[in-house]
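User: Please present the structure below and answer some questions about its charged side chains.

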Amino acid sequence: MQSITTQETKHGKGVFALRPFSKGEVILQAKGPILDDDDFEDGSYEDCHCLQIGERTYIGSSGEIDDFVNHSCDPNAGYRVVGQQADLIAIRDIQVGEEITFDYSTSMHNDANEMDCQCGTSQCRKRIRDFQYLPKELKARYIDLGIVPDFIVKMKCE
């Protein structure tokens with residue numbers, strides 16, 4: 001039985017739970033090719049559906065469901081990166097029918113891409129930017145949850 005599916009949202013496709021997920025449970029694994037900065041024309045990361053997993057390393061688009069996990073400033077999931085593997089884990093219990101989201105800022109550290117946020121949550125920051133620009137308390141929470149790649153944590157983005 002499938003545990004997730006894609007559905008249309010007001011902002012395009014999103015990923016939704018077909019069954020409940022418990023906090024800490026793996027939801028999916030990012031499956032795209034491993035890329036580095038040199039793989040992007042003119043350093044452009046726009047529209048790549050990439051997940052930054054190292055200072056110059058990314059998991060690129062797979063063409064599969066992992067490409068459609070949307071951003072939220074109040075996410076219910078986050079990527080746990082170990083080496084070149086990234087597992088999306090629930091950071092709180094997720095109910096059937098709920099959209100699965102993560103905070104894109106947890107994996108951004110290159111100042112090459114920013115975007116307007118349209119998540120619509122009460123915690124919306126209005127702009128999606130690198131991890132270093134998050135409020136100190138939020139950075140600490142995300143680090144404690146284990147959803148910030150080591151390369152960002154080691155840069156001491158205070």
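User: Which residue does Arg 127 meet in a salt bridge at 2.7 Å, N to O?

Analyst: A salt bridge is a side-chain nitrogen of Lys or Arg within 4 Å of a carboxyl oxygen of Asp or Glu. Arg 127 lies in strand 12 and its partner in strand 11, so the pair ties together parts that are 11 residues apart in sequence; strands are DSSP runs (E, at least two residues), numbered from the N terminus. The residue whose side chain meets that of Arg 127 at 2.7 Å is Asp 116.

User: On what kind of model and numbering do these values rest?

Analyst: Residues are numbered from 1 along each chain as its sequence is written, and side-chain values use heavy atoms, with hydrogens and water left out. Local features need pLDDT of at least 70, side-chain atom pairs count only at pLDDT 80 or more, and totals for chains, interfaces and linings use all residues, since this is a predicted model.

User: Is Asp 116 buried or exposed?

Analyst: Buried means under 20% relative accessible area, exposed over 50%, and partly exposed in between (1.4 Å probe, protein chains only). Asp 116 has a relative accessible area of 55%, so the residue is exposed.

User: Which residue forms a salt bridge with Arg 127 at 3.2 Å?

Analyst: Arg 127, at 33% relative accessibility, counts as partly exposed. The closest N and O atoms of the pair are 3.2 Å apart, and the partner is Glu 114.

User: Which residues are linked with Glu 114 in a network of salt bridges?

Analyst: Glu 114 counts as partly exposed at 35% relative accessibility. The network links Glu 114 with Asp 116, Arg 127 and Arg 129.

Terms used: Helix = DSSP H or I, 4+ residues; strand = E, 2+ residues; numbered from the N terminus.
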